[in-house]
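Here's a quick walk through a protein model, starting from the inside. Have the viewer open as you read.

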Amino acid sequence: MTLEQETPPRPAPVPRRKPDGDASHLPPSEVMELTAEQARRFLVRRHFLAPPRSLPARAESVLRVVRELGSVQFDPLEVTGARNDDLVLAARIRNYRRAWMERWLYGAPAERQLFEAYNKSLNILPVEELPVHRVDWEHWRRRDGAYYRLLTRHADIAAAILERLAREGPLPGSAFVERGGARLQWGWGHVTVPRAVLYGLFRTGQIGIARRERNVRVYDRMEHLFPAALLDTRLPDEEVRRHQLLSRFRGVGLLGLRAGAEIWSGTVPARERSRLTEAMIADGTLRRVRAQGVRDERYMLSADARFLRGGALRSREVALLAPLDPLVWDRELLRQLFDFDYVWEVYVPEKSRKHGYYVLPLLWGDRLVGRIEPRIDRKAGVLRVPAPRLEHRMRRTERLELEVALGRAIEAHRRLSGAARVERI
């Protein structure tokens, strides 16, 4: 029996109390029971979406979002006129500009507040968490790993890359790739050996992303990108593993231990997750939650109890959610709490797609009401927006209210994309 297959010990029963409007006052030892409406309102408030685009229009708001949510997932596709990370930030920050994020991500070493690393996937992360990821970088360099074997087998290429970066400074990956060079199987296809080695050096923390030119990575040695004191910081393994789990709880907001494997990817095995979660409940970092209509017990950060305060949302604006927005990470939670079945179909064969290639969920207030698929035509300077596919019955007055709010969200997206005009199709 493997560690994942072993059944963790069942914790002692915990008293429950159903809150009367404000659940934030309950003692940490008790399970909070929330109605479905309370749980939805908690999530949209906690994700800075109540209402959308309400954080101040300044670069510091980017840091607030990334630090509170723990990470913002990077994906290079710009089908809608913006990348996934832009969509996440633009849904929360008024008049968001990509330059605000790039200031913190690609600035001078002393000014960098964000960095890119794998945390479930390629993510933009707070720079103070770099020591957490150094433990994994060093783990991936060990003898039993694929990166160790890759970098050992091609040690001459790795050394040449590191020496050239030390001598010349930041260089794009293309600077190391020779036409007609040897290729090897990597991921879903074949890549040149230098490109695979670059990836291995990045995954093991020896080089980092200095900047991007469009979506091309420009690499540099880590010691050129971050202060030595930060790179030299070492953390105990227990603290690192705890932080990995905490980053997932921070991202989703109401996360259960039975969530999909993709959410827990890169963390500890199931039994260890249970042990660390119980420890964080015991020390008050997390608290147990039961939400109406959600089958499994969930956990939230105790510090997030402030988002439970308040009744109905004061404003119902529309947000065009990114396909990899932290709010939609947990697909099962979306089905049970929001009655919304969402699959990002970008990797689904065209004939098998149900909704479309790059579809964005529509959040209206605390409800996921449908989907929309805007597409940018940069040559024509046009953002083409088909009619939304709504999935809930509404009164005529509600539809009119939604249409007005959707118009404001589409106009905000047009400004983000840089399109000169919107064409509704």
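## Inside the fold

A nonpolar core here is a set of buried Ala, Val, Leu, Ile, Met, Phe, Trp, Tyr and Cys residues joined through side-chain atoms within 4.5 Å. Buried means under 20% relative accessible area, with a 1.4 Å probe and protein chains only.

In this predicted model, the largest nonpolar core has 114 residues. Val-62, Tyr-96, Leu-114, Phe-249 and Val-318 have the most contacts inside it, a contact being heavy atoms within 4.5 Å. Leaving aside residues up to four places away in sequence, Leu-114 touches a list that includes Val-62, Trp-104, Pro-126 and Phe-226. Apart from that core lies another, of twelve residues, including Ala-210, Met-222, Leu-225 and Leu-230.

## Overall build

You'll find 15 helices and 19 strands; these are DSSP runs, H or I of at least four residues for helices and E of at least two for strands, numbered from the N terminus. The C-alpha trace spans about 65 × 60 × 45 Å along its principal axes.

Of the 425 residues, 53% are buried. Take contacts between residues at least 6 apart in sequence: 63% of them join residues at least 24 apart.

## Charges

There are 76 positive side chains and 56 negative ones, counting Lys and Arg as positive and Asp and Glu as negative, without His or the chain ends. The centres of the two sets lie 3 Å apart, with each charge placed at NZ of Lys, CZ of Arg, CG of Asp or CD of Glu.

## Ground rules

Local features need pLDDT of at least 70 and side-chain atom pairs count only at pLDDT 80 or more, while totals for chains, interfaces and linings use all residues. Residues are numbered from 1 along each chain as its sequence is written, and side-chain values use heavy atoms, leaving out hydrogens and water.

Conventions. Buried means under 20% relative accessible area, exposed over 50%, partly exposed in between (1.4 Å probe, protein chains only).
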